[in-house]
Amino acid sequence: MTNWQDPRYKELSTAEISDALDFFGLPGPAHGLGCVTGDHKIMGRAFTVRFAPVDPLNAGTVGDFIDDVEETEIIVLDNEGRTDCTVWGGILSQIAKRKNLRGTVIHGVCRDSHEAMDCGYPIFSRGTFMRTGKDRVQVEEVGGAVSLGDVRVNPGDLLVGDRDGVVVIPFSRALEVLERAVETRQAEQDIIQATESGSSLRAAREALGYHTLQRKQAGQA
């Protein structure tokens, strides 16, 4: 079993993972992205697609990349954060659901969100907008590094998404981030238990080092 398949990852929130990333001095939280198709939690490895403005001299298409995505993957689409045209719609949502894909994360917007909601497919994006990306943007690269705002995503990196948003974990650091996030969760649970046993919140936090749980350690990253 590879690190990202560890069942403990499914129990962690993006907040706990974010604190672990801070501890190691790693970027990861993708600011401005949220689930636009309901209340979903997703976890999987990144299948990356980068878009660019359409080339009038060598026009491409918005792509048929979905044929190549595997069940364990999350589709990560980098449309440069554009909110004036979409790169994901109803056809793709229905095919993705039928293929049992983990979800789609977009640095940009989607459309036909009702179709994704109806079929229960998770989409995390910067919002929704109805205008097509066809003849406005085109696939520039599949399987390369992409951006979710100020967070870099390499193919195969681990993504986790929930109500609070999306975090990206470099695949090579997945195990240590996991272990630190589990430690953070346990410390927070211990604080709650201490207060239930009569401790003040101040004393419980101080005893368990709450204020430094996420603080970057010397020599990290």
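Is Glu188 buried, partly exposed or exposed? Glu188 counts as partly exposed, because its relative accessibility is 25%. The model described here is predicted.

Glu188 belongs to helix H5, which covers residues 174-196. Along the chain, Glu188 and Glu16 are 172 residues apart, yet their C-alpha atoms are separated by 9.7 Å.

Glu16 is one of the buried residues of helix H2. After H2 comes Gly25, which has a positive phi near 70 degrees.

Strand E3 consists of residues 73-78, and six of the six are buried, so E3 is largely enclosed by the rest of the structure. In a regular strand, side chains alternate between the two faces of the sheet. In E3 both faces are covered: Glu73, Ile75 and Leu77 are buried on one side, and Ile74, Val76 and Asp78 are buried on the other.

E3 pairs with strand E2 (residues 42-53) through six bridges, and the two run parallel. In this pairing Arg45 stands opposite Glu73 of E3. E3 is also joined to strand E4 (residues 103-107), by five bridges and again in parallel. Here Asp78 stands opposite His107 of E4. Between E3 and E4 the chain passes through helix H3 (residues 90-98), forming a right-handed β-α-β crossover.

## Two loop residues with positive phi

Glu80 is located in the loop between E3 and H3. Its phi is positive, about 60 degrees, although Glu80 is not a glycine. With a relative accessible area of 48%, Glu80 is partly exposed.

Asp135 is in the loop between E5 and E6. Phi of Asp135 is also positive, near 70 degrees, in a residue other than glycine. Asp135 is exposed, because its relative accessible area is 70% and the cut-off for exposed is over 50%.

## Cysteines and Gly133

How many disulfides does the structure hold? The structure holds zero. Cys110 is therefore in no disulfide: the nearest cysteine sulfur belongs to Cys35 and is 9.3 Å away, whereas a disulfide needs two such atoms within 2.5 Å. Cys110 is buried, with a relative accessible area of 0%. Cys85 also counts as buried, at 0% relative accessibility.

Gly133 is placed 23 residues from Cys110 in sequence, and the distance between their C-alpha atoms is 9.7 Å. The loop between strand E5 (123-125) and strand E6 (137-142) contains Gly133.

## The largest pocket

Rolling a probe the size of a water molecule over the atoms shows where empty space is left. The largest pocket holds about 330 Å³ of space. Its lining is made up of 19 residues, and those closest to the centre are Val62, Gly89, Ile91, Leu92 and Lys134.

Which classes of residue form this lining? Eight residues are nonpolar, six are polar and five are charged.

Definitions and conventions
Residues are numbered from 1 along each chain as its sequence is written. This is a predicted model: local features need pLDDT of at least 70, side-chain atom pairs count only at pLDDT 80 or more; totals for chains, interfaces and linings use all residues. Side-chain values use heavy atoms; hydrogens and water are left out. Buried means under 20% relative accessible area, exposed over 50%, partly exposed in between (1.4 Å probe, protein chains only). Helices (H or I, at least four residues) and strands (E, at least two) are DSSP runs, numbered from the N terminus. Two strands pair if DSSP finds at least two bridges between them. A crossover is right-handed if, with the strands pointing away from the viewer, the path from the first strand over the helix to the second runs clockwise. On a 1 Å grid over the protein atoms alone, a cavity is a set of points where a 1.4 Å probe fits but cannot get out, and a pocket is an open set with protein on both sides within 12 Å along at least five of seven lines; lining residues have an atom within 4 Å of a point. Grid points are joined across faces, edges and corners, and a volume is the space filled by probe spheres set on the points. Ala, Val, Leu, Ile, Met, Phe, Trp, Tyr, Cys and Pro count as nonpolar, Asp, Glu, Lys and Arg as charged, and the others, Gly among them, as polar.
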